[in-house]
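Biologist: I would like to learn how to read a few features of a model. Please give the general idea, then the case at hand.

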Amino acid sequence: MGGLRKTTLAQLIYNDPRVDKWFHPKAWVCVSEEFDALKVTKTILEETKCSCDGNQNLNQLQLKLKEQLLGKKYLIILDDVWNENYAVWEQLSIPFKFGAQNTKIVVTTRNESVADIVRTIPTYPLKTLSDDDCWTLFAKHAFVGTTPSTHPDLKAIGEAIVKRCNGLPLAAKTLGGLLRCKLDADDWNKILHSNFWDIPNTANYEFEKEELIQLWMAEGLLQLSKDNGDPEELGNEYFKDLRLRSFFQQSKGEKSCFVMHDLISDLAKSVTGEFICRLEGSGGSCVITEKTRHLSNV
């Protein structure tokens, strides 16, 4: 399930100072749905500070990776793996066999079949939070400079929102951030009764901050004032605010890119109404109105 914070847990492991002392080299690869052994191998090499020739084939890259890992106690994290082809996994893992004892490879996936294919020890399935823990996480992000007990009306709505989060920590954190410093019950009720909860998940999409700000400018969304005369500067402020509220997250694939998690994407789509027209699948259709500003096939 998306939103259980599998990637977050892997990041905590990867960035722990004790791990730095134990493993060298380290590499993080965001694999996602498009599993390309050549691309993954190249990324691992780049993460280990080894330069790659763009014209090298998979065999040449794997030989170079073997040299990098030979006799070393390394840590590799393969995040968000979907590929169920055992032959492809076997091909990718050839250089991994030459490391030192106690070398570790961590794989995060939503697919139990993937876990069965790659595992050498029992898997660690993450579970949803209890209602109490989910409420604690939500309240931590929603109430700033105050406490839930001083706002009993909001507390009641917040607890209902948390119930609908179904124990997903990302949902609790993000919705808490969305309502951060907002003490109006109407804002909270809009979230509680939004049709966002009924929309199925879709895939992440990487984008660059500068590209998004340019799109905002093209749509006329950056309203300048006397204090904000530079549209790009204002766009940076908007982006920073949305990132602080967990709308955007740093991509682990391309360091200059960001992603919007499935749950946040679904929330955005639920409030766009007629402004976005989505053609889902080859036989999809939608109604284009005067308000439509964006067309998408995903």
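Biologist: Is Lys49 buried or exposed?

Modeller: This is a predicted model, in which local features need pLDDT of at least 70 and side-chain atom pairs count only at pLDDT 80 or more, while totals for chains, interfaces and linings use all residues. Residues are numbered from 1 along each chain as its sequence is written, and side-chain values use heavy atoms, with hydrogens and water left out. Buried means under 20% relative accessible area, exposed over 50%, and partly exposed in between (1.4 Å probe, protein chains only). Lys49 is exposed because its relative accessible area is 77%.

Biologist: Where does Lys49 lie, and what is its phi?

Modeller: Helices (H or I, at least four residues) and strands (E, at least two) are DSSP runs, numbered from the N terminus. Lys49 lies in the loop between α3 (37-47) and α4 (58-69). Its phi is positive, about 65 degrees, although Lys49 is not a glycine. Asn166, in the loop between α8 and α9, also is not a glycine and has a positive phi of about 55 degrees. Asn166 counts as exposed, because its relative accessibility is 57%.

Biologist: Which residues does the cis peptide bond join?

Modeller: His24 and Pro25, with omega about 5 degrees. Pro25 is in the loop between α2 (17-22) and β1 (26-32).

Biologist: Which residues touch the most other members of the largest nonpolar core?

Modeller: A nonpolar core is a set of buried Ala, Val, Leu, Ile, Met, Phe, Trp, Tyr and Cys residues joined through side-chain atoms within 4.5 Å. The largest one here has 34 residues, and Phe138, Ile161, Leu175 and Trp188 touch the most other members. Two or more residues each come from α7 (131-142), α8 (152-164), α9 (169-178), α10 (185-192), α11 and α12. The largest contribution, 5 residues, is from α7.

Biologist: Where is Gln214, and how far in space is it from Gly235?

Modeller: Gln214 sits in helix α11 (residues 209-218). Gln214 is partly exposed, because its relative accessible area is 41%.

Biologist: Where is Thr272, and how far in space is it from Thr292?

Modeller: Thr272 belongs to helix α13 (residues 262-272). Thr272 and Thr292 are 20 residues apart in sequence and 9.5 Å apart in space, C-alpha to C-alpha. With a relative accessible area of 24%, Thr272 is partly exposed.
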